[in-house]
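Okay, thanks for coming, everyone. Let me put the structure up and then walk you through a few parts of it.

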Amino acid sequence: MFFERPGGGERAILVHLDGQDPAAREDPQEFQELARSAGAEAVGFVNVPRHQPSAKFLIGSGKVEELHDLVKDGEAELVIFNHTLTPSQERNLERALECRVLDRTGLILDIFAQRARTHEGKLQVELAQLEHMSTRLVRGWTHLERQKGGIGLRGPGETQLETDRRLLRVRIRQIKQRLEKVRGQREQARRGRRRADIPSVSLVGYTNAGKSTLFNALTESDVYAANQLFATLDPTLRRLELDDIGPVILADTVGFIRHLPHKLVESFRATLEESSNADLLLHVIDAHEPERDQQIEQVLAVLAEIGANELPMLEIYNKLDLMDGIEPQIQRDADGRPQRVWVSARDGLGMDLVRQAISELLGNDLFVGTLCLPQRLGRLRAQFFELSAVQRETHDEEGGSLLEVRLPRIELNRLISREGLRVDEFIAQHTLQ
């Protein structure tokens with residue numbers, strides 16, 4: 001008798017494995033939050049103390065029978081495991097439980113599929129889904145091959161399974177080619193920003209830490225922000241004006257999660273490169289989260305995987321509105337450099353401190369001195385005033401402007417190189433008296 005996969009649904013029983021290995025352990029509360037974010041209606045939660053997973057079902061046969069009864073009693077259409085299942089374990093469980101079975105990776109992929117908005121995001125999700133599906137293709141077939149004899153029934157010489165694997169490979173290759181094109185376009189845009197000497201700052205952090213809320217508070221944008229996991233999938237870039245620095249590009253990126261499936265990291269590499277090519281990372285941390293230290297470790301692990309772990313980083317401890325006795329503040333290291341900022345992005349508390357800390361970290365190389373600009377460069381003089389970089393101004397005997405300025409050297413180079421000139425031509429050898 002051939003195996004036919006059951007249909008899906010929203011009524012779900014959640015199964016959490018509580019093993020001894022702390023490195024492999026998942027958070028049951030986070031699991032329930034993931035299921036809720038996917039739109040599942042949890043009609044039961046089963047905690048399985050399992051130290052030696054079984055090869056056939058992952059859990060013991062007694063628990064499988066118990067689950068079967070729960071599925072019938074709760075009229076559940078789906079059983080979700082807070083663990084990675086092998087293709088054979090999924091198949092065996094679906095046969096035994098007579099309903100659809102999904103593992104943690106499949107659940108996260110489903111959330112990503114719901115959240116993707118842009119063409120690029122949808123391509124990235126489809127790639128991850130197809131690569132996940134390619135290892136599980138055998139599960140869904142009620143027949144293993146379609147080669148038959150007789151007129152009009154002779155097959156193409158390959159099984160249906162082989163046909164679909166081939167079609168999957170073709171589709172995966174097409175998506176990778178499109179994403180490679182997107183990657184090239186992103187790199188071209190980054191080169192343009194580098195030529196203009198515009199620094200880039202990227203928000204990273206655990207999912208639901210408040211990155212999009214902080215992004216909106218800093219840039220006065222209206223990016224979608226919600227109290228749910230993976231509210232943001234598609235990267236959003238906005239221009240942010242900072243004192244002493246001028247314009248910077250701020251990027252809001254996808255959140256990370258414990259044991260983020262490797263295929264997702266690979267599929268979202270074009271997006272994650274916004275972080276790996278940033279001049280500064282803002283690591284947004286949920287200060288109220290009991291397991292924030294473990295979440296920090298997970299974020300650092302993903303940053304290492306995409307080659308961004310060596311970049312300068314500023315920690316943003318968010319959600320002070322949920323805590324007592326802590327005021328917005330900047331904490332500094334032994335050299336006086338900003339190390340972490342405590343804020344409430346939802347209430348807008350500490351946003352000025354975040355801007356100040358970013359300015360200090362990006363503006364290490366400040367130019368403080370006097371520039372001598374002839375009258376013909378009146379437009380350049382006006383630009384220095386627009387940036388509020390002029391501390392004082394006097395005039396020389398020829399009517400030129402002597403400007404005492406304070407601004408980042410990269411901004412100075414950008415303004416003067418636009419005129420096709422060199423900075424050293426205008427630096428005065430004396431300061432204003």
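**A buried serine, a helix and a sheet**

Let's start with S212, which counts as buried because its relative accessibility is 8%; buried means under 20% relative accessible area, exposed over 50%, and partly exposed in between, with a 1.4 Å probe and protein chains only. Before I go on: this is a predicted model, where local features need pLDDT of at least 70, side-chain atom pairs count only at pLDDT 80 or more, and totals for chains, interfaces and linings use all residues. Residues are numbered from 1 along each chain as its sequence is written, and side-chain values use heavy atoms, leaving out hydrogens and water.

Back to S212: it sits in helix α7, residues 211-219. Helices here are DSSP runs of H or I with at least four residues, strands are E runs of at least two, and both are numbered from the N terminus. An unreviewed UniProt entry lists S212 and T232 under "binding site"; such annotations may be inferred rather than shown by experiment.

Now S134, in helix α5 (residues 119-134). At 28% relative accessibility, S134 is partly exposed.

Buried or mostly open: what about α4? It's mostly covered, with 9 of its 12 residues buried, including L107, I108 and F112.

And the sheet: 4 strands, open, in the order β2-β1-β3-β4, with parallel pairing. β2 (41-48) and β4 (100-102) are at the edges with a single partner strand each, so one side of each has no neighbour in the sheet. Strands pair if DSSP finds at least two bridges between them; β1 (residues 11-17) and β2 have 7. In that pair, V15 stands opposite V46.
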